[in-house]
Amino acid sequence: MVQNLTSRESPHRCIVDEIALKKCCSALARELKNMAKTLKRKLLIYGIPKSGSIVASHLAASEPTTLDVVYQPEKADCFVDDIIDTGTTQDRYHERYGKKTYALYGKGNQKNCIVRVPRTMWVEFPWEQENITSKEHQDFVVRLLEELGEDASREGLRDTPARFL
């Protein structure tokens, strides 16, 4: 299942462009299509939030007669994600639902992935543009401050999200 489809790479960073994303999704869709043939029905896939949902949509769009996205994990035949880092999420879903997770990328010796990269490599997907991701992270810090009962817009805290990150 492991292929060499990575995009631009440096020793510590792999930037997955849209072309590499489509190739990876096509390769994973072929694997899942074989599973559907074995089941003799559509394969129900659940994208692990948040980025796995994007992958699930790409997969279902590439194989609409074979793959179908479900929105409750217990209804899925398997789970899909963009990357398997440490395997913690994959293990948690397997323990809870007894189903495998398949991913586009896997770090180190992770199984059920299309592309393996070194454990220390940072993989950046098209939806993780720095300006969008940075704003999302700052919004998260604001929500944390608000959960703690703070007014994140008050003087002294206003710049905290940017300082924190």
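## What you're looking at

Keep in mind that this is a predicted model.

## Two helices that meet

Two packed helices are described by the angle between their axes and the distance between the axes. Here the pair is α1, covering residues 18-39, and α2, covering residues 51-62. Their axes sit 9 Å apart and the packing angle is about 70°. Angles of 65 to 115 degrees count as roughly perpendicular, so α1 is roughly perpendicular to α2. The crossing of α1 past α2 is right-handed.

Which residues make the contact? From α1 come L21, C25, L28, A29 and L32, while α2 brings H58, L59 and S62. Sorted by class, the residues of this contact are six nonpolar and two polar, with no charged ones.

## The second largest pocket

Rolling a probe the size of a water molecule over the atoms shows where empty space is left. In this model, the second largest pocket holds about 170 Å³ of space. It is lined by 16 residues, and D81, I83, I84, D85 and T89 are the closest to its centre.

Which elements give two or more residues to that lining? They are α2, β5 (78-84) and α3 (88-97). The largest share is the four residues from β5. By class, the lining splits into eight polar, four nonpolar and four charged residues.

Most residues other than glycine have a negative phi, and most peptide bonds are trans. Two spots here go the other way.

You'll find K40 in the loop between α1 and β3. The other is the peptide bond from P49 to K50, which is cis, with omega near 5°. K50 belongs to the loop between β3 (43-47) and α2.

Methods. Residues are numbered from 1 along each chain as its sequence is written. This is a predicted model: local features need pLDDT of at least 70, side-chain atom pairs count only at pLDDT 80 or more; totals for chains, interfaces and linings use all residues. Side-chain values use heavy atoms; hydrogens and water are left out. Axes are lines fitted to C-alpha atoms, for helices over the stretch in contact, and angles run from 0 to 180 degrees between N-to-C directions. Angles under 35 degrees count as roughly parallel, over 145 as roughly antiparallel, 65 to 115 as roughly perpendicular and the rest as oblique. A crossing is left-handed if the near helix is turned anticlockwise from the far one by less than a right angle, and right-handed if clockwise. Contact means heavy atoms within 4.5 Å. Ala, Val, Leu, Ile, Met, Phe, Trp, Tyr, Cys and Pro count as nonpolar, Asp, Glu, Lys and Arg as charged, and the others, Gly among them, as polar. On a 1 Å grid over the protein atoms alone, a cavity is a set of points where a 1.4 Å probe fits but cannot get out, and a pocket is an open set with protein on both sides within 12 Å along at least five of seven lines; lining residues have an atom within 4 Å of a point. Grid points are joined across faces, edges and corners, and a volume is the space filled by probe spheres set on the points.
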